[in-house]
Amino acid sequence: MDPLKLRRVLVLLFLGLVGWPMTSVGAAAGGGGDSASCRFPAVYNFGDSNSDTGGISAAFDAIQSPNGMTFFGHPSGRACDGRLIIDFMAEKLKVPYLSAYLDSVGTSFRYGANFATGGSSIRPGGYSPFHLALQVSQFIQFKSRTTYLYNRLHSHNSTAIPMESSIARPREFSKALYMFDIAQNDLFHGFQYSCEEQVRASIPDMIDTFSEAVQQIYKEGARYFWVHNTGPVGCLPFTILNNQRPSNIDSIGCVKSANEVAQELNRQLKNLLLKLRKELPLARITHVDMYSAKYLLISKAKTLGFVDPVNYCCGSFHGLHLNCGKKEAVNGTVYDNNACKDPSRHVSWDGIHYSEAANLWVANHILNGSFSEPPLPIDKACRWLPIR
């Protein structure tokens with residue numbers, strides 16, 4: 001046999017042995033062309049309110065109207081007027097929007113599950129009890145119980161079909177895409193209850209904790225990882241309005257010191273992912289630079305048709321942040337905190353979270369691989385490329 005052909009056969013055999021999704025083999029071996037996609041059968045997400053599709057709303061107080069007004073027409077458990085970036089990712093991957101793991105009503109986990117909850121952080125002790133290690137623990141339990149139930153159903157064929165339609169397939173856990181979007185609340189909580197120097201000093205522990213989570217999921221059979229770094233927290237209206245130092249504002253109106261801490265976190269996260277690529281040889285890890293994508297959006301906001309990015313659509317600020325849609329009293333004055341007429345003109349929905357229009361802009365700029373390392377679109381994130 002021709003040596004080149006023999007080499008390709010051996011590559012294909014190897015990829016089959018390690019459980020590579022068959023739809024990605026051609027692309028990975030260089031023979032699939034641009035049309036070949038990974039076709040991830042399921043997606044599992046870990047994160048905070050930036051990707052929470054109903055977890056915190058199911059666990060505690062429900063997120064109220066006018067959240068959801070733009071797309072869903074009613075509150076959907078998302079801290080947004082419509083869809084989040086993860087929803088646009090699901091659309092791109094041609095899977096249904098992810099059900100929150102904590103939501104017990106009308107949920108289906110056939111195509112994955114969302115363990116993200118609003119307020120969550122990498123390290124325990126923040127705003128939410130659902131820190132990253134707990135989310136990973138929930139996933140491991142979910143995987144174990146799903147496998148048991150699926151096998152049990154298939155041992156009783158007469159009852160398997162109705163329930164089977166809403167549960168995950170055990171064989172697909174190793175072929176699914178595992179997404180992470182978490183760390184913003186570690187910074188926010190640190191800024192609120194300590195000083196910037198202490199937050200900066202806590203970053204190595206955050207990175208170690210994140211590393212443990214990825215390695216734990218890898219041991220459970222996960223192979224494909226899509227990891228967001230943290231966004232420019234200094235550009236969020238809530239951060240800007242709380243800033244007390246005019247000299248601490250950069251050229252586009254963001255709080256410099258907060259963004260510098262976020263950038264240091266992102267630098268250490270990037271180094272960690274480079275290390276994990278070597279330590280986890282079967283993993284395909286995509287690092288997405290959300291910071292740069294979101295900072296670019298904010299810097300170009302007015303030319304893109306948005307209002308000043310420090311202005312937000314829902315809620316208000318009167319010395320403290322007042323939540324979107326909730327009546328609250330400050331010094332005897334009651335504020336309704338209703339939404340603006342046109343959320344699509346705002347980068348920020350409520351001072352902390354992005355609007356659907358902003359989420360769509362960011363999604364369009366990250367899903368094609370423009371801000372990724374390696375530079376692969378999300379539907380080709382199973383492929384292997386050398387890291388520069």
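Let's start where two helices meet: α11 and α12 cross in a right-handed way, a crossing being right-handed if the near helix is turned clockwise from the far one by less than a right angle, and left-handed if anticlockwise. Keep in mind that this is a predicted model, in which local features need pLDDT of at least 70 and side-chain atom pairs count only at pLDDT 80 or more, while totals for chains, interfaces and linings use all residues. Residues are numbered from 1 along each chain as its sequence is written, and side-chain values use heavy atoms, with hydrogens and water left out.

Helices and strands here are DSSP runs numbered from the N terminus, with at least four residues (H or I) for a helix and at least two (E) for a strand. Helix α11 covers residues 290-299 and helix α12 residues 356-366; they pack at an angle of about 130 degrees, with their axes 10 Å apart. The axes are lines fitted to C-alpha atoms, for helices over the stretch in contact, and the angles run from 0 to 180 degrees between N-to-C directions. That angle makes α11 oblique to α12; angles under 35 degrees count as roughly parallel, over 145 as roughly antiparallel, 65 to 115 as roughly perpendicular, and the rest as oblique. On the α11 side, the contact (heavy atoms within 4.5 Å) uses Met290, Ala293, Lys294, Leu296 and Leu297, and on the α12 side Ala358, Trp361, Val362 and Ile366. By class, these residues are 8 nonpolar, no polar and 1 charged. For this sorting, Ala, Val, Leu, Ile, Met, Phe, Trp, Tyr, Cys and Pro are nonpolar, Asp, Glu, Lys and Arg are charged, and the others, Gly among them, are polar.

Now look at another helix pair. The axes of α8 (residues 196-219) and α10 (residues 256-279) come within 10 Å and cross at roughly 25 degrees. That makes α8 roughly parallel to α10, and this crossing is right-handed. Among the residues that meet are Val199, Ile203 and Phe210 in α8, and Val261, Leu265 and Leu269 in α10. The contact of α8 with α10 has 14 nonpolar, 4 polar and 5 charged residues.

Next comes the sheet. Strands of a sheet pair through backbone hydrogen bonds, either parallel or antiparallel. Here, an open sheet of 6 strands runs in the order β2-β1-β3-β4-β5-β10, with mixed pairing; two strands pair if DSSP finds at least two bridges between them. Its edge strands, β2 (112-114) and β10 (372-373), each pair on one side only. Strand β1 (residues 43-47) pairs with β3 (residues 177-181) in the parallel sense over 5 bridges, and phenylalanine 46 has phenylalanine 180 in β3 as its bridge partner.

Rings of Phe, Tyr and Trp (its six-membered ring) pair if their centres lie within 6.5 Å; planes under 30 degrees apart are stacked, over 60 edge-to-face, and the rest tilted. Phenylalanine 115 and phenylalanine 142 are edge-to-face, at 5.9 Å centre to centre and 80 degrees between the planes. Phenylalanine 115 lies in the loop between β2 and α5 (132-154) and phenylalanine 142 in helix α5, so the pair ties together parts 27 residues apart in sequence.

Finally, follow the backbone. A cis peptide bond, with omega about 15 degrees, joins serine 65 and proline 66; proline 66 is in the loop between α3 (55-59) and α4 (85-93).
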